[in-house]
Protein chains: 2
Amino acid sequence: MERIEAQRRIRELSDNILAQVSDGENPFIKIPIRGSSNVVWNEDQGLLSLGDKQSKRYFINVAHAKKFMQTLLVAAFSNQLLDQDMHTSLREAFYSLKHTLKGSKENTFEEQSESNATFVDLEVALDILRDELHINADRRGVAAGEVVIEDRGDTIDWSKLGSGGWAIPGNVEDIEFKNVTADYMLVVEKNATFDRLHEDKFWKKHNCVLIGTQGQAARGIRRLIHQLNGKFKLPVYAFTDSDPYGWYIYSVIKIGSMNLAHVSSKLGTPQTKFLGLTISDIYKYELENAIIKAKDVDLKRAHDLLNYPWFKHKEWESEIKMMIKKKVKAEQKALAQKHLKFVSEEYLPEKIENKDFLP
Amino acid sequence: MERIEAQRRIRELSDNILAQVSDGENPFIKIPIRGSSNVVWNEDQGLLSLGDKQSKRYFINVAHAKKFMQTLLVAAFSNQLLDQDMHTSLREAFYSLKHTLKGSKENTFEEQSESNATFVDLEVALDILRDELHINADRRGVAAGEVVIEDRGDTIDWSKLGSGGWAIPGNVEDIEFKNVTADYMLVVEKNATFDRLHEDKFWKKHNCVLIGTQGQAARGIRRLIHQLNGKFKLPVYAFTDSDPYGWYIYSVIKIGSMNLAHVSSKLGTPQTKFLGLTISDIYKYELENAIIKAKDVDLKRAHDLLNYPWFKHKEWESEIKMMIKKKVKAEQKALAQKHLKFVSEEYLPEKIENKDFLP
């Protein structure tokens with residue numbers, strides 16, 4: 001979204017309030033409800049999303065007045081960032097916004113949790129990403145492969161960055177994709193596995209992009225995957241550990257999360273397929289010597305997954321139940337048991353060739 | 001170090017053992033002791049280092065035999081990595097090395113802690129970095145600024161990587177510095193502060209390199225700082241939160257750590273100066289509204305710091321005692337209280353101009 005459009009939406013919000021004031025009304029802001037009571041599984045889109053419930057935040061209301069004031073402060077702050085074409089983090093925004101109101105002992109914000117929640121309110125109220133309001137998420141993740149981008153005037157070829165790779169920033173809104181010749185994206189949970197594939201030039205041999213998430217995929221990474229998939233129809237294959245946490249990482253990339261259900265349509269990528277590691281893989285590839293005993297917390301999480309509609313596919317149910325029955329899990333790195341290049345020379349090419357994915 | 005030299009050292013170790021066997025001796029390997037009993041503060045070098053204590057690991061000794069076998073397995077594994085010019089992680093090395101000895105129920109390694117410790121033994125015994133044995137550390141960190149490197153055949157200009165930056169790999173041994181025009185390195189603890197400086201093109205305006213550590217500096221980052229300082233005499237300024245954890249991050253970059261005392265001379269950079277944030281800064285720059293109350297664990301850590309010889313400077317003692325007395329701390333991001341660009345336009349330039357550093 002262009003800056004000018006983000007500013008137009010902020011202006012519209014404030015114009016509405018001004019109009020209410022001139023009409024002698026008690027001014028209010030409409031904010032869709034974000035609690036779990038209003039999160040729905042949108043099967044058609046394959047995404048978690050918000051339902052229709054809305055709340056109104058009134059200025060003249062003892063329970064609302066402070067939040068109303070905070071919402072306008074946050075809107076003004078975002079507008080200023082956009083004016084100056086600057087970005088910042090939630091934490092710095094909190095420090096910037098926190099002050100004592102003149103002639104009182106009242107602080108604008110006491111805790112960062114208040115300003116964080118208010119930015120999300122604004123995100124929902126304006127149907128805009130906080131990234132588009134120039135509030136960056138924490139950065140994490142690395143990219144390498146057959147993509148050329150333009151960013152801050154630099155042309156960056158992700159295939160020419162040595163052993164390092166491109167450090168994915170927290171905010172990817174301003175990135176322009178100049179040349180995307182990759183055939184697909186391979187999203188990798190663990191650094192060491194990313195490094196193995198990177199050293200073996202997997203992305204070159206198989207004409208793809210590697211995205212290392214370093215655990216749970218940060219917002220910038222999810223948005224990047226979403227954009228590359230949406231604009232270039234690049235298939236996305238997720239490769240995680242064989243455990244409920246790895247599968248959860250996959251599901252967040254694919255369908256979004258409860259917490260961020262209001263932005264799933266901009267962060268989620270429903271076309272994502274799960275490549276591995278599956279529990280079946282452990283046995284198919286004879287990795288028994290590298291099996292880890294599942295802990296109670298893993299088993300509890302596995303039971304949780306069985307209840308989620310987006311895991312209600314017979315292939316997933318069979319995998320999750322096998323995990324629960326055998327009480328086992330395994331890491332991506334377990335493939336090193338065969339030999340170090342097994343993952344790049346046999347496991348992944350075979351899986352991709354046979355389209356051996358879970359939905 | 002060239003691969004050939006690393007392999008020569010492994011060969012020397014095994015040749016010695018073979019010679020002992022042909023001489024009918026009980027073969028042993030000499031390994032310097034790494035425990036805290038053998039870690040010394042080397043004031044002349046400004047580094048933690050190992051003392052002279054050594055142990056001998058014998059083959060024919062019930063207590064040593066398994067570790068002796070493990071040491072040779074690890075040496076052979078490293079030699080193979082070097083032969084094939086491949087790198088791997090400690091975890092994958094463990095999976096590769098773990099197997100059941102033929103005709104027995106004995107495993108080579110039961111837990112990764114055993115193989116990890118053995119790699120460190122080898123590191124110490126051969127006076128070589130495990131990175132030089134092609135065992136990578138976990139990757140973390142990002143670089144941006146006036147440095148051009150060559151890595152895996154790619155020429156990478158750290159000043160042309162957009163909002164992202166160069167993702168620092170876990171192993172930086174093979175990186176060649178092609179053009180280092182920066183005047184100094186600014187090492188930054190927090191991502192958001194790195195991003196602020198990066199967006200403000202601080203590295204361009206002040207002709208420097210920014211290194212974002214994302215918390216405690218990973219091994220690859222420390223080695224990179226060490227190399228840039230050693231080869232190009234680039235001064236290093238550390239910029240962390242104003243709390244004992246931030247100051248500890250600084251001290252590890254500067255003098256090394258107890259755990260890795262055996263490699264301090266290759267990872268530490270004694271010339272590093274502490275730029276901020278100091279407790280005095282909080283008051284000097286009127287950040288009182290952004291102060292955080294120190295927790296008990298902070299105060300305990302602060303007392304610990306007072307006991308370390310490398311913090312025995314009157315400037316440090318005064319800062320640490322002020323922190324303990326006032327029971328306060330603050331984040332780098334607190335500088336946003338003044339205004340968002342205060343850190344890049346006023347705080348840092350003023351500090352650097354006045355050489356307002358702690359030793």
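Reading contacts between chains, domains and helices

Mentor: The contact between the two chains takes 41 residues from chain B and 40 residues from chain A, where two residues are in contact if their C-beta atoms, placed from the backbone, lie within 7 Å. This is a predicted model, in which local features need pLDDT of at least 70 and side-chain atom pairs count only at pLDDT 80 or more, while totals for chains, interfaces and linings use all residues. Residues are numbered from 1 along each chain as its sequence is written, and chains are lettered from A and ligands numbered from 1 in the order in which they are written.

Trainee: Which element gives the largest share of the side of chain B that touches chain A?

Mentor: Helices (H or I, at least four residues) and strands (E, at least two) are DSSP runs, numbered from the N terminus. The largest share on that side of chain B, five residues, comes from H5(B), and the elements giving two or more residues include helix H3 (90-97) and strand E9 (154-157) of chain B.

Trainee: How is chain A divided into domains?

Mentor: Domain bounds come from an automatic or database domain assignment; here they give domain 1 (3-136) and domain 2 (142-353) of chain A. Taken over C-alpha atoms, the centres of these two domains of chain A are separated by 33 Å, and 18 residues of domain 1 are in contact with 18 residues of domain 2. On the side of domain 1 that touches domain 2, E3(A) gives the most, with four residues.

Trainee: At what angle do helix H1 and helix H2 of chain A pack?

Mentor: Axes are lines fitted to C-alpha atoms, for helices over the stretch in contact, and angles run from 0 to 180 degrees between N-to-C directions. Helix H1 (residues 3-22) and helix H2 (residues 65-84) of chain A pack at about 155 degrees, with axes 10 Å apart. Angles under 35 degrees count as roughly parallel, over 145 as roughly antiparallel, 65 to 115 as roughly perpendicular and the rest as oblique, and H1(A) and H2(A) are therefore roughly antiparallel. Residues making this contact include A:Ile10 and A:Leu13 of H1(A) and A:Leu82 of H2(A).

Trainee: How do helix H3 and H4 of chain A cross?

Mentor: The axes of helix H3 (residues 90-97) of chain A and H4(A) come within 9 Å and cross at roughly 110 degrees, so H3(A) and H4(A) are roughly perpendicular to each other. Among the residues making the contact are A:Phe94 of H3(A) and A:Phe119 of H4(A).
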